[in-house]
Amino acid sequence: MGPVMTPDLRQLRAFVAVAEAGSLTAAAGRLHIAQQSLSQQMRALEAQLGVVLLERSPRGVALTVPGEVLLREARPVLARAERAADAVAPRGPRRGGPAP
């Protein structure tokens with residue numbers, strides 16, 4: 001087995017949305033994307049990581065053990081990324097440009 005590719009933040013956000021919603025359709029609505037696109041993203045993430053993250057059924061999705069682990073690890077990563085963006089976000093009307 002080759003090296004595992006690291007998921008990007010977009011993939012982690014989508015995965016967390018699916019896990020929290022318990023449904024690809026509901027998560028797609030929250031993310032404002034097509035359900036088919038989200039389903040393809042989840043399958044691509046599973047292939048990238050080499051594990052099954054979601055048990056799919058007509059009633060929705062349930063996390064597998066690897067899915068539970070990824071959810072537990074993804075939440076703080078996303079929170080930290082948001083804090084980092086907030087830390088460098090401009091305060092007030094000045095946008096971009098060099099730091100004072």
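A crossing of two helices is left-handed if the near helix is turned anticlockwise from the far one by less than a right angle. This convention applies to the second view below; the structure shown is a predicted model.

View 1. The protein contains 4 helices and 2 strands, which follow one another along the sequence in the pattern α-α-α-β-β-α. Of its 100 residues, 30% are buried. When contacts between residues at least 6 apart in sequence are considered, 48% join residues at least 24 apart.

**View 2. Packing of helix α1 against helix α4.** The axes of α1 and α4 are 9 Å apart and form an angle of about 125°. An angle of this value makes α1 oblique to α4. The crossing of the two helices is left-handed. From α1, the residues L9, L12, R13, F15, V16, A19 and E20 take part in the contact. Their partners in α4 are G67, L70, L71, A74, R75, V77, L78 and A81.

**View 3. Length of helix α3 and the residue that follows.** Helix α3 comprises the 15 residues 35-49. Just after α3, G50 adopts a positive phi of about 75°.

**View 4. Buried and exposed residues of helix α3.** Seen around the helix, L38, S39, Q41, M42, L45, E46 and L49 are the buried residues of α3. These residues cover an arc of only 160° around the axis, and therefore lie on the same side of α3. In an α-helix there are 3.6 residues a turn, so residues three or four places apart point the same way. Q36 and A47 are exposed on the other side of α3. The elements against which the buried residues of α3 pack are α1 (9-21), α2 (24-31), β1 (54-57) and α4 (65-88).

View 5. Between Q41 and A14, which are 27 residues apart along the chain, the C-alpha separation is 8.0 Å.

Key: Residues are numbered from 1 along each chain as its sequence is written. This is a predicted model: local features need pLDDT of at least 70, side-chain atom pairs count only at pLDDT 80 or more; totals for chains, interfaces and linings use all residues. Side-chain values use heavy atoms; hydrogens and water are left out. The expected span of a helix is 1.5 Å times one less than its number of residues. Buried means under 20% relative accessible area, exposed over 50%, partly exposed in between (1.4 Å probe, protein chains only). The arc is that of the directions from the helix axis to the C-beta atoms. Contact means heavy atoms within 4.5 Å. Axes are lines fitted to C-alpha atoms, for helices over the stretch in contact, and angles run from 0 to 180 degrees between N-to-C directions. Angles under 35 degrees count as roughly parallel, over 145 as roughly antiparallel, 65 to 115 as roughly perpendicular and the rest as oblique.
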